[in-house]
Amino acid sequence: MIPDRTSSRGLERFIAGRTLLSGDSLAWSDLFVQVYSRHQNQEPFLVPVVAEPLVVWVMSGEAIVEERDLGGEWQTAHVKVGDFFLTRTDRPYEMRWRALGSDPFQVMHLYISMPLFERVAVDILGSASPPRLRDVSGGQDPRLAHFLALIHEELNVQDGGSRLYVEGLAQSLAVHLIRTYASNDDEGDRQTALPGFKLRRALAHLEEHLAEPFNLAELAEKAGMSAFHFSRLFKKATGMSPSRHFIRQRMVRAQQLLQETDLSIIRVGIAVGYSSPSHFARVFRRETGVLPSRYRRT
């Protein structure tokens with residue numbers, strides 16, 4: 001049974017192939033990167049929604065890749081080494097491909113963490129609402145390819161890579177994606193959104209108090225506004241209410257703790273404000289598509 005949503009680490013369970021390299025050390029907290037060898041021919045399959053922006057870079061081989069919305073028409077891209085796909089979709093879609101020639105069809109998948117993506121959005125756009133990125137299928141971008149090549153080199157470093165170096169590459173990559181591929185559909189709304197410095201102050205306060213009950217009045221006070229006015233402008237800036245953003249950030253922190261620590265799932269839940277394990281599990285599954293125990297295993 002394929003879910004409508006999954007995590008970046010969980011997506012690979014639904015795509016056939018073999019993992020060749022993976023960035024799993026602490027150096028890779030802002031990026032999730034893996035290199036795969038794919039089947040030469042892949043029948044249609046459903047791709048669940050993943051929250052993080054995904055870049056797929058063709059590293060070996062050549063293929064005819066087809067994608068479509070559910071029930072829609074197939075869109076075809078003829079890809080070769082150096083071509084890339086950029087995806088950040090809010091609904092599942094279908095894929096299939098057929099490799100050409102005898103070279104193995106190998107690709108690198110790269111996901112940018114949502115906390116980093118949101119920090120860069122605040123810095124560049126004055127809005128923590130991650131911008132909608134344009135979908136790209138079989139595109140070419142020399143600057144993007146340069147970043148990806150450096151990231152691939154660091155994947156091969158024996159000690160797991162330098163955290164500072166990877167963080168710098170991740171930030172540069174996020175800046176490039178937002179500057180180059182962000183959709184401008186909401187440009188008019190940003191003009192009247194929450195000022196950037198007030199938004200940053202509110203987001204920092206939320207980050208520091210994820211284990212505590214949500215308090216809109218306190219948050220609005222930090223921004224120097226009434227609760228009503230703050231809530232309305234916050235939603236315009238981020239695309240969601242303050243309480244909804246708070247829950248989402250709790251789940252981002254929970255994912256990080258599940259990946260990077262040995263804390264029990266009960267302790268992770270408590271760390272993000274859920275004293276009831278069952279309540280934590282329900283919210284986590286609603287937000288990520290999987291239970292905390294399964295997320296940790298994958």
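Modeller: Let's start with a term: buried means under 20% relative accessible area, exposed over 50%, and partly exposed in between, using a 1.4 Å probe and protein chains only. Phenylalanine 45 is buried, with a relative accessible area of 9%, and tryptophan 97 is buried too, at 7%.

Biologist: What should I know about the model itself?

Modeller: This is a predicted model, where local features need pLDDT of at least 70, side-chain atom pairs count only at pLDDT 80 or more, and totals for chains, interfaces and linings use all residues. Residues are numbered from 1 along each chain as its sequence is written, and side-chain values use heavy atoms, leaving out hydrogens and water. The protein chain averages a pLDDT (the predictor's confidence in each residue, from 0 to 100) of 86, with 95% of the residues at 70 or above.

Biologist: How is a pair of aromatic rings described?

Modeller: By the distance of the centres and the angle of the planes. Rings of Phe, Tyr and Trp (its six-membered ring) pair if their centres lie within 6.5 Å; planes under 30 degrees apart are stacked, over 60 edge-to-face, the rest tilted. That rule gives 9 aromatic pairs here. In one of them, phenylalanine 45 and tryptophan 97 sit edge-to-face, 6.0 Å centre to centre with 90° between the planes.

Biologist: Which aromatic residues form one cluster?

Modeller: Tyr274, Phe280, Phe284 and Tyr295.

Biologist: And which charged end sits over the ring of tyrosine 274?

Modeller: That of arginine 250, 4.8 Å from the ring centre. The rule wants NZ of Lys or CZ of Arg within 6 Å of the ring centre and within 35 degrees of the ring normal. Arginine 96 likewise has its charged end over the ring of tryptophan 74, 4.0 Å from the centre.
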